[in-house]
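Trainee: I have a chain open and would like to go through its fold with you. Could we start with the overall layout and then move on to the details?
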Amino acid sequence: MRFARSKRGLRLKTVDSCFQDLKESRLVEETFTMDEVMEVLNGLQAVVHSEVESELINTALTNVLLLRQLFSQAEKWYLKLQTDISELENRELLEQVAEFEKAEFTSSNKKSIIDITKPKLVPINEGGTTELLNKEILRLQQENEKLKSRLKTIEIQATNALDEKSKLERTLQNLRLNQGNQQDFIKTHDLNDLENTVAALKDEFQKTLNDKTENQKSLEENLAAAKHDLLRVQEQLSMAEKELEKKFQQTAAYRNMKEILTKKNDQIKDLRKRLAKYESED
């Protein structure tokens, strides 16, 4: 109520200042026409309308924020609130609130506001919030007991797990020792097998190398013999060609062809001489 009263007083001062500004700025002449008076009043109406509208909107929004805070707190404590909008227009209750405000701020009347005969919240010492708190405490205690029981179960399981882990570690250590002995035996056996395998591979490689050397010598000898045979065959072919050419020259066909070629050559020479003679005359 103090907040609303201060906001109301501030807005009334603003409205008063609107009238005062109008008096100081416009009412400087002794006479005004009807149109001038209408213009002044319309301007004042617009200013006052804007101020009153702004105050009403601000008051409504402020009430909404106030109710939002109250509803949020009630929701946090699981309270169920009921409102009756019709009571906001109850003239009797409004007058009682006005008397309470007057008595509170003027200090001239110490009357207290008359009790409003409407349902109220249960007092804190008779239930309501206390009951909710007790229920919440009981619920938390029960949950705490459940957590303690669960913690004991987890501790037992953790102890069993540690014992099992110790057994497994000892078993693993024994297995590692046995595995180490077996690995030494296996390494010795594998080493002997590897040495035998390497020796066998060396023998096989040496044998292969010797065979390769012998094969190479045999191939070289065969190659040399083939070269001699080739030279001999080439010589025989050359002699056969010469002998064939000699025999061909002794044949009648060769002689006839040679005579024909000789006659043709003579004819060609004669024709060339005659052609040269005609060219010189031209």
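This is a predicted model: local features need pLDDT of at least 70, side-chain atom pairs count only at pLDDT 80 or more; totals for chains, interfaces and linings use all residues.

Trainee: What share of the residues is buried?
Mentor: Buried residues account for 5% of the 282 residues in the chain.

Trainee: And of the contacts between residues at least 6 apart in sequence, what share joins residues at least 24 apart?
Mentor: The share is 60%.

Trainee: Which residues make up the largest nonpolar core?
Mentor: It consists of six residues: Val15, Cys18, Leu22, Val40, Leu44 and Val48. Helix 1 (2-25) and helix 2 (34-76) are the elements that give two or more residues to this core. As background, nonpolar side chains tend to be buried together in soluble globular proteins.

Trainee: Which residues of helix 1 are buried?
Mentor: Val15, Cys18 and Leu22 are buried in helix 1. The cover over the buried residues of helix 1 includes helix 2.

Trainee: What does Leu22 touch, leaving out residues up to four places away in sequence?
Mentor: Leu22 touches Leu27, Val40 and Leu44. Val40 and Leu44 also belong to the largest nonpolar core.

Trainee: How are helix 1 and helix 2 oriented to each other, and why?
Mentor: Their axes cross at roughly 170° and come within 10 Å. An angle over 145 degrees counts as roughly antiparallel, and helix 1 and helix 2 are therefore roughly antiparallel to each other.

Trainee: Which residues make that contact?
Mentor: Helix 1 contributes Phe3, Lys7, Arg8, Arg11, Thr14, Val15, Cys18, Phe19 and Leu22. Helix 2 contributes Val40, Leu44, Val47, Val48, Glu51, Ser54, Glu55, Asn58 and Thr62. By class, the contact of helix 1 with helix 2 has nine nonpolar, four polar and five charged residues.

Trainee: What about Val52: where is it found?
Mentor: Val52 is found in helix 2. With a relative accessible area of 38%, Val52 is partly exposed.

Trainee: How far apart are Val52 and Arg11?
Mentor: They are 41 residues apart in sequence, and the C-alpha to C-alpha separation in space is 7.9 Å.

Trainee: Changing topic: how do helix 1 and helix 3 pack?
Mentor: Helix 1 and helix 3 (residues 91-106) pack at an angle of about 85°, and their axes are 12 Å apart. Angles of 65 to 115 degrees count as roughly perpendicular, so helix 1 and helix 3 are roughly perpendicular to each other.

Trainee: Which residues make the contact there?
Mentor: Arg2, Arg5 and Arg8 of helix 1 meet Glu101, Glu104 and Phe105 of helix 3. The contact of helix 1 with helix 3 divides into one nonpolar, no polar and five charged residues.

Trainee: One last point: what should helix 1 span, and what do its end C-alpha atoms give?
Mentor: Helix 1 has 24 residues, so at 1.5 Å a residue it should span 34 Å. Its end C-alpha atoms are 34 Å apart, which agrees.

Definitions and conventions. Residues are numbered from 1 along each chain as its sequence is written. Side-chain values use heavy atoms; hydrogens and water are left out. A nonpolar core is a set of buried Ala, Val, Leu, Ile, Met, Phe, Trp, Tyr and Cys residues joined through side-chain atoms within 4.5 Å. Buried means under 20% relative accessible area, exposed over 50%, partly exposed in between (1.4 Å probe, protein chains only). Helices (H or I, at least four residues) and strands (E, at least two) are DSSP runs, numbered from the N terminus. Contact means heavy atoms within 4.5 Å. Axes are lines fitted to C-alpha atoms, for helices over the stretch in contact, and angles run from 0 to 180 degrees between N-to-C directions. Angles under 35 degrees count as roughly parallel, over 145 as roughly antiparallel, 65 to 115 as roughly perpendicular and the rest as oblique. Ala, Val, Leu, Ile, Met, Phe, Trp, Tyr, Cys and Pro count as nonpolar, Asp, Glu, Lys and Arg as charged, and the others, Gly among them, as polar. The expected span of a helix is 1.5 Å times one less than its number of residues.
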